[in-house]
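Q: Could you take me through one spot in this one up close? I'd like to know what sits around it, and then a bit about another part of the chain.

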Amino acid sequence: MKHIILAIILTMPLFAEHILFDFENEADAKLWTQHSNAYHAMEWTDMYATSGKKALRYTAKKFAPGMPEWPAFEVPSPLKDWRPYDRLVLDIANTRLLPPFLAFYVSDAKVPVRQALLHKIQVGATQIKRIVVPLKFPNSVDTSNIHVFHIFTERPTEDFDLVIDRIALLKPGEPVGEPPETHQQALTRHRLNLVQELIDQINGVIDAHNLDALPKDIAGKLGVGLQQILAQSREKLDNAIAILKNPATPQTELDITIQKIHSIPESFKVPLSIVAFAQSAQDAGLDISEFIVGTATSMEKVLPREVPIAIKASKKLQISLARNEKESTQVIVLPVSRDLKGVRIVLGELRNANGNLFPAESLQADTVGYVETKNKPPYAVSHIGWWPDPLLDFCPKVDIKAGDAQAFWIRARTTRQQKPGVFNGKITVEADNAKPVSLDFSITVHDFALPSQPPLPTAIAWNHPYFEKTAMPQRGGAENWQKMKFVYADFLADYLFDYGNIYIKTPPDFEVIEYLRSKGKLTAFGLGDATVWQEDKIPQEIERLRPIYEEAKRRNLLKYAYIYAYDECQPDKFPIIEKCAQALKKAFPEVIVMTTSYDHSFGADTIVKSVDAWCPLTPRFDLQKVKAARDAGRFVWWYICCGPHNPFANWFVEYHAIEARLLMGAMTAKYQPDGFLYYSMTIWNDNKPILEGPFTNWNPVSWTTYHGDGATFCFGKDGKPIPTIRIENYRDGLEDYAYHCLLKEAIQRMNALPQRTAQQNQWLDDAEKAIVVPAELVNNLHSFSRDPKVLQAWRDNLARLIVSSGFKDMDPWADNDFAVRGWRTKR
């Protein structure tokens, strides 16, 4: 009997891992909660099971706009106390050729998952792998009460198909082991089938790009480069086949080789896009013997090289705008067979049918400059390299290399006195070594005027690091700034930014504030940042602000004033925030107190009742909570910064230009925030002035590793501000919003008429439909159109209705009620 017991003991495993999930029961699979069922699926399967006969299969669709950005699924932990264990293991089989991005969090019942244990999973092409995760939890996580296991991916670049099995905990010293070898053998056979399918697909792409199918003149000029790419692609493919079909090829080499051949079709896109561009130019009747001319809207970014050209050639350029407005478009020049020298845009006068003039001095052609990104930022981007951003008015002539697409920014400005109508003329592209090409140029001026100040209050933080005396005395320091501050005030006002700094602890520059008011361009300014962290410091802060308040009151400026405090504070700071806000309201009752602190109820569910204006990030702008806050007498602004990322709108260098315009225009019209806040405009770091272009020395890295966050414009010689495509779209968005405000004013006036004609009733019906921002343009804050045509159609319809209302010279801004406090009465 003793011998039998001993034999049993000797055959037992020395260690006893704790299995959390082996999926042998379908109930195990059903415990997992899935997010975004429309695009992702989980099922109980017998594929590649490593513990028993069943496993969990997870499939996800390739990301596309409108789909969830972070697909995820999670499960409650069946074991709460993880303290005895030092490792988590799980088996994952990847049945696809591309390695997926996958990661997971583990947390307790209190700590948010994103602040808990995070592990990123690496699984190669058609590989089964046992993942070993050291259980090194943050100190904040209670490992005696583990609550959730949360797996997620981010914007899948391809469809993926994974099988998960045997999720287990190991104690110190317990062996890891390996998944069954038979599974890897099966996946290797599967890989050979997938590789053959991929090879056949790529061969089909190569064979389809037959230059004999191209028009002869286009093929002759552009075909050489395409032929070279096709030949190189064929050679890459032949080399890859031997590697991929060899069962002994190491996993790392497999993954690298598969990535390379997946990129082969991408290499065709640039030359083929140029071919398509040339074809569209020829179809438009343009001469393409030396260069191709195309057009793009101001809402697009046309990259200069290394990426496909997504525009078509056109023989006509069009702009529409109101009086007292700025609007832009772009001309794109691409040399065909040789470099171009001294390329420039020549603008002339335009006239309407009545002979009225649109003067040449109201037009400007800037060269689009480019900044180079060199690393992937903390958000998804389509390209690392040269991106269009600064608009350079100091280099009217540029050289363009063959194959580069150079953009020129064409800006029209109208005065309040500009005659309305359709004005026609020519715009000409000239070069030192090529024949000129002319395009028809048409400008439509609507018969109404926009305000000179923003139609929405703004609270902006910026400083002038170029002139800071202590840091950069060689640039003129404080003395030079006394001259330049008015240049910057005009520049910011021209782009509808206010002048100030939300974080300032010194008095605002009342000289500049009065200067802006005298020009009718003042909307808001801050008295200062009132943040203090000790209750006994509050009286001292009140006394610091008092003379600033009294000076603003003496100058009759309080209706433009706000006090900012407590930037992005967590709930643990709410007690001091409320005490400080109470003191500020008692001392300065006419002035709005504003914060970006994280009370997502906007004062409804917390102790903070004395803050006048809450300012959440755009994704936190909950309309139901906003209405409750407004009913309680509070304002709700919104802001962006290094977040949110797409699918929400932002204005990083790599994001679509139209996003800034939509945020300040159609989204503002749809969601009606009380104002817009932005934390910095001049995080220029060690940048030097832009003195040359179009490919500039400007480093787009701004806050940490972001590109353009907190740095919305650049500077040039002597510190002169240089605008960017991003702030052009910011201004255009606010002007779009002004259209919306004017139509709303017209609707109010029409409703106030004691009697209306049938035609006026029809107008009112059309206008009340048009005042609702269409879902095809903005469905919500993370689902919206990036198509300029959709935005332009909405804007043109607003303009048509404003003009046809019959109300002349509407000016809801005349009494300055769009200042900080009074703005809501005009909503």
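A: Setting aside neighbours within four places in sequence, Lys129 is in contact (heavy atoms within 4.5 Å) with Leu90, Asp91, Ile92, Gln122 and Pro179. Keep in mind that this is a predicted model: local features need pLDDT of at least 70, side-chain atom pairs count only at pLDDT 80 or more, and totals for chains, interfaces and linings use all residues. Residues are numbered from 1 along each chain as its sequence is written, and side-chain values use heavy atoms, with hydrogens and water left out.

Back to Gln122: its backbone oxygen is reached by the side chain of Lys129 at 3.0 Å. Lys129 itself belongs to strand 9, residues 128-134 (strands are DSSP runs of E, at least two residues, and helices are runs of H or I, at least four, numbered from the N terminus).

As for another part, take helix 16, residues 788-804. Its buried residues include Trp794, Arg795 and Leu798. At its start, a side-chain oxygen of Asp787 comes within 2.9 Å of the backbone nitrogen of Lys789. After helix 16 comes Gly806, with a positive phi near 85°.

Notes: Expected span 1.5 Å × (residues − 1). Buried < 20%, exposed > 50% of the residue type's maximum accessible area, 1.4 Å probe, protein only. Polar contact = N/O pair within 3.5 Å; in protein donor to acceptor, adjacent residues only side chain to side chain.
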